[in-house]
Protein chains: 2
Amino acid sequence: MKISTRGRYAVRVMLDLALHDTGEYIKVKDIAKRQSISEKYLEQIISILNKAGYVHSVRGAQGGYRLANKPETYTVGMILRLTEGSLSPVSCLDNDPVQCERYSICETVMIWQRLLDAINSVIDNVTIQDLVDKHNESNASDDYVI
Amino acid sequence: MKISTRGRYAVRVMLDLALHDTGEYIKVKDIAKRQSISEKYLEQIISILNKAGYVHSVRGAQGGYRLANKPETYTVGMILRLTEGSLSPVSCLDNDPVQCERYSICETVMIWQRLLDAINSVIDNVTIQDLVDKHNESNASDDYVI
DNA sequence: CTATTTTCCTATTGCTATAGTATGAAAAGC
DNA sequence: GCTTTTCATACTATAGCAATAGGAAAATAG
């Protein structure tokens with residue numbers, strides 16, 4: 001039941017882009033350095049975000065990435081579902097409607113359904129902007145560091 | 001973020017034992033047949049439950065397993081944590097207290113902490129007896145089938 | 001026009017966990 | 001002593017994760 005690095009890194013990338021949004025495009029190299037993540041691996045992850053239109057890219061020198069939309073429009077749930085796939089704890093819930101013919105008599109499916117609902121209600125109610133705010137709270141003094 | 005078959009099967013085994021509790025010991029072979037699970041694989045799973053004292057075993061002919069305690073004393077959370085290990089979505093929360101020195105400034109850990117709390121609050125509030133009740137509701141007519 | 005920077009694309013690799021299968025020993029009952 | 005059952009352990013196949021690697025394509029700088 002672990003979230004993979006792909007999903008976690010994707011959230012950190014989006015947060016990093018939000019925190020360093022100066023209007024200019026941000027290079028993978030810079031994000032990788034700040035986040036201590038392999039540059040090449042990060043390329044693959046950000047490419048997923050790019051294909052989904054979550055970030056906007058520019059190639060070539062002085063190129064890079066920036067958020068396609070405002071930080072408050074991205075929930076952690078969106079990002080995790082994009083990069084991790086379904087967050088359902090069992091695959092039988094991945095199809096809508098559920099295909100399994102035992103569904104109506106399955107005693108355990110209600111647990112997994114409740115679990116999925118609980119998971120979604122957490123991650124769909126945290127946006128990248130919330131993380132930015134959290135960052136600014138705990139690191140407010142950073143602004144004054146020379 | 002999937003729960004493995006080991007954890008899911010363990011829950012089904014406990015439910016199966018609860019549903020077929022006639023006072024006699026129940027063979028792995030019978031559970032395996034009813035649940036459509038490989039006998040040998042089930043042996044390994046039930047062995048975990050046995051070592052933890054969740055079930056009681058008797059060897060030899062006419063041997064088998066039964067629940068060590070009443071169905072209402074087993075939560076799904078107990079069973080999943082036993083068989084799956086920690087259900088924390090990130091490993092940094094597996095240590096108590098958290099070891100990571102970035103903990104206090106980590107913007108994302110609050111998401112994972114909330115997620116873990118949400119997961120726990122679901123699975124710790126469903127007992128095997130709840131699943132028995134659910135079964136009896138949806139299959140009440142079974143009692144009258146010849 | 002060329003060199004550099006950066007994204008973009010895809011192949012490969014090492015590792016680990018899962019989901020079993022297989023073999024047989026030990027205990028208990030008939 | 002034979003059969004039934006749990007108990008213990010070794011093995012295997014597959015898949016996904018977490019990268020690493022190599023280079024093509026696009027854009028800019030000079």
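I take a residue as exposed when its relative accessible area is over 50%, and as buried when that area is under 20%. What I have here is a predicted model, and I read every entry below with that in mind.

Entry one, backbone angles. I looked up Gln62(B), which lies in the loop between β1 (55–58) and β2 (64–67) of chain B, and found a positive phi of about 65° although Gln62(B) is not a glycine. Most residues other than glycine have a negative phi. Since its relative accessible area is 67%, Gln62(B) is exposed. I then turned to Ser36(B), in the loop between α2 (28–35) and α3 (39–51) of chain B, where phi is positive at about 55°, again without the residue being a glycine. Ser36(B) counts as exposed too, at 66% relative accessibility.

Which residues of helix α6 (residues 128–138) of chain B are buried? I noted Ile128(B), Leu131(B), Val132(B) and His135(B), and, viewed down the axis of α6(B), they fall within an arc of 105°, so they line one face of the helix. Their cover includes α5 (109–123) of chain A, together with α1 (5–19) and α4 (76–84) of chain B.

Entry three, a helix pair. I found α1(B) and α4(B) packed at an angle of about 135°, with their axes 8 Å apart, and they are therefore oblique to each other. Their crossing is right-handed, and the residues of this contact divide into 6 nonpolar, 2 polar and 2 charged.

Definitions and conventions. Residues are numbered from 1 along each chain as its sequence is written. Chains are lettered from A and ligands numbered from 1 in the order in which they are written. This is a predicted model: local features need pLDDT of at least 70, side-chain atom pairs count only at pLDDT 80 or more; totals for chains, interfaces and linings use all residues. Side-chain values use heavy atoms; hydrogens and water are left out. Helices (H or I, at least four residues) and strands (E, at least two) are DSSP runs, numbered from the N terminus. Buried means under 20% relative accessible area, exposed over 50%, partly exposed in between (1.4 Å probe, protein chains only). The arc is that of the directions from the helix axis to the C-beta atoms. Contact means heavy atoms within 4.5 Å. Axes are lines fitted to C-alpha atoms, for helices over the stretch in contact, and angles run from 0 to 180 degrees between N-to-C directions. Angles under 35 degrees count as roughly parallel, over 145 as roughly antiparallel, 65 to 115 as roughly perpendicular and the rest as oblique. A crossing is left-handed if the near helix is turned anticlockwise from the far one by less than a right angle, and right-handed if clockwise. Ala, Val, Leu, Ile, Met, Phe, Trp, Tyr, Cys and Pro count as nonpolar, Asp, Glu, Lys and Arg as charged, and the others, Gly among them, as polar.
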